Amino acid sequence: VICAAALLSALLVAPLAAAPAGAAGPVHARFESHEKAALVPLLVEAIRFPTVAGDEAARVAQGAWLEEKAAALGLAFREGVPSRPGTVVEIELPGPPGAPVLGLMVHGDVVNAEGAWSFPPFEARVIDGHVQGRGAADDKGPLAQALLVMKALKESGVPLTHTVRLLVGSDEESGSEDVTLYLAERAPPELTLVLDSELPVVIGEMAWNALAVTTDPRPRPRRPLAPAPAIEALSLRAGTTASIVPDRAELLLKMAPDRAGAFEARLRKKQAMPGTTLAFSSDAPGIVAVTVTGRAAHSGVNIDGGRNALVALARLVDGELPPSGIVDLLEVARRCGEDTHGRSLGLVERAPGWKPWNVNPGVVRPSAEDPDKLELVVNIRRPLPWTGARLKAHVEKMVRGWLGPRIQDVALGGYYEGEPLAFDPKAKIVKRLLAATRRATGIDMKPAISGGGTYAKRLPRSIAFGMWFPGKPYPGHDVDEKVAIADLERGAHVLIEALVDLACNEPLKDPFAP
Ligand SMILES: [Zn+2]
């Protein structure tokens, strides 16, 4: 039996075919002689805007930079949501008057860069043939590729039948309102390639769902005269957002000072999760902080690259603490996180071709509705064919079974609305994008199914197309995010093939039908 992954990686290290000739030849040649050299510097500049959720100044500064870059490249710039500048900006290479629009869509925002980075995440560095920094792969690499490929297309003299419009969104990683606001003001392009996932083309995206459990973290009131418990959980914090494997979890405990030593020794004797570390500290007598450090990773596309600090902590303190709201949350996190693919939750069914479920106990934080309450959010990536309603009923039944009568002390919520996105593998656009990838790389790749969701779920007539090459884990959302310069360049040539095919020919009729 030949392992498909091994075969694929063997193919990927095969020498690259020379820049393909054919209709796209002049664009490839122009890119090689002019734009290629600008790719890394442009990406480095983009990474230096720390466009995390809530950093308005960075978003505005990056918007101004995009306007400046568009002008320098001879491309048109326009606000897509004039009432809220920077929400979605349009950068355009105009075709003939009245031409249909081929969209390219990326996002300019990034997930936060907390965790144990080995370098400052927004400094952007070029080392060992890679560009490193938050957003290098997700999604500023594709932003830089798209801008320079549009420039190469413009200068190549290859006649356009379409307008090429790059849409740069701004809250893909957080609120996800940008496309909704955009569609309220503008018609979407006739066809859009979303450059925010894998090559060669993504024909399935799992649903983004979540189980939320909310509880009162305060120690339960005691009967008068009842002795104080020997140990008590005071607070719990873990992770930063549901979509990232938490790399840090901290539990604050109150205990009699003479018990701390034995408690620490007991925990240290337990088998900690491989790849995690355990630390104890004390700021005051009788107060002990137990901290577990793991490894952050994207819960949709690289969950097994992470080491879940919350689950590791929950395993270590299992059976050590008297009943409390915090203990209930730890128990749910521990049981949901027994494995990363939902088997402990009974989530095994999936349609042919779809990847296993992903389950990430991602964050414990004060509830947004009531800051006195504590909320655990478990991100669940759902393949076809289960519905959100079925998942909700199923996981809530599991949690009720785990907690028994304690269920009355917690509130269950979450998000079960998102649905998986699926395309016909024989759709015309799928075949055309496969062919474009093959022409540029010489490699026959199979369409991808992704655990990550993209704008393709929200923007009509769109499909995810690159720019990550399969065969190695996608580093978006991970610490030390980086992209190989060779892959950036190779990806640009794939994009050139797709643009010359789709923007310089007759429009595809019913692109999503076979
Ligand atoms: Zn992304």
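The second largest pocket of this predicted model holds about 250 Å³ of space. Its lining is made up of 17 residues, and those nearest the centre are Met273, Gly306, Arg307, Asn308 and Thr340. Two elements, helix 7 (309–317) and strand 15 (358–366), each give at least two residues to this lining. Strand 15 provides the largest share, three residues.

| Class | Residues in the lining |
|---|---|
| Nonpolar | seven residues |
| Polar | five residues |

Let's turn to helix 8. This helix covers residues 325–336, and its 12 residues should span 16 Å at 1.5 Å a residue; the end C-alpha atoms lie 17 Å apart, which agrees. At the start of helix 8, a side-chain oxygen of serine 324 comes to within 3.3 Å of the backbone nitrogen of isoleucine 326.

Is helix 8 largely enclosed or open? Because 11 of its 12 residues are buried, helix 8 is largely enclosed by the rest of the structure. Among the buried residues are Gly325, Ile326, Leu329, Leu330 and Cys336, and charged side chains such as Asp328, Glu331 and Arg334 are buried too.

Leu329 also leads us to another residue, glutamate 375, as the two are in contact. Glutamate 375 belongs to strand 16 (residues 374–382). With a relative accessibility of 15%, glutamate 375 counts as buried because the cut-off for buried is under 20%. Beyond its neighbours within four places in sequence, glutamate 375 also touches Ala212, Val213, Thr214, Val363, Val364, Arg365 and Ser367.

Definitions and conventions: Residues numbered from 1 in each chain as written. Predicted model: local features only at pLDDT ≥ 70, side-chain atom pairs only at ≥ 80, totals over all residues. Heavy atoms only, no water. 1 Å grid on protein atoms, 1.4 Å probe; cavity = no way out; pocket = protein on both sides within 12 Å on 5 of 7 lines; lining within 4 Å. Points joined across faces, edges and corners; volume = space filled by probe spheres on them. Helix = DSSP H or I, 4+ residues; strand = E, 2+ residues; numbered from the N terminus. Expected span 1.5 Å × (residues − 1). Buried < 20%, exposed > 50% of the residue type's maximum accessible area, 1.4 Å probe, protein only. Polar contact = N/O pair within 3.5 Å; in protein donor to acceptor, adjacent residues only side chain to side chain. Contact = heavy atoms within 4.5 Å.
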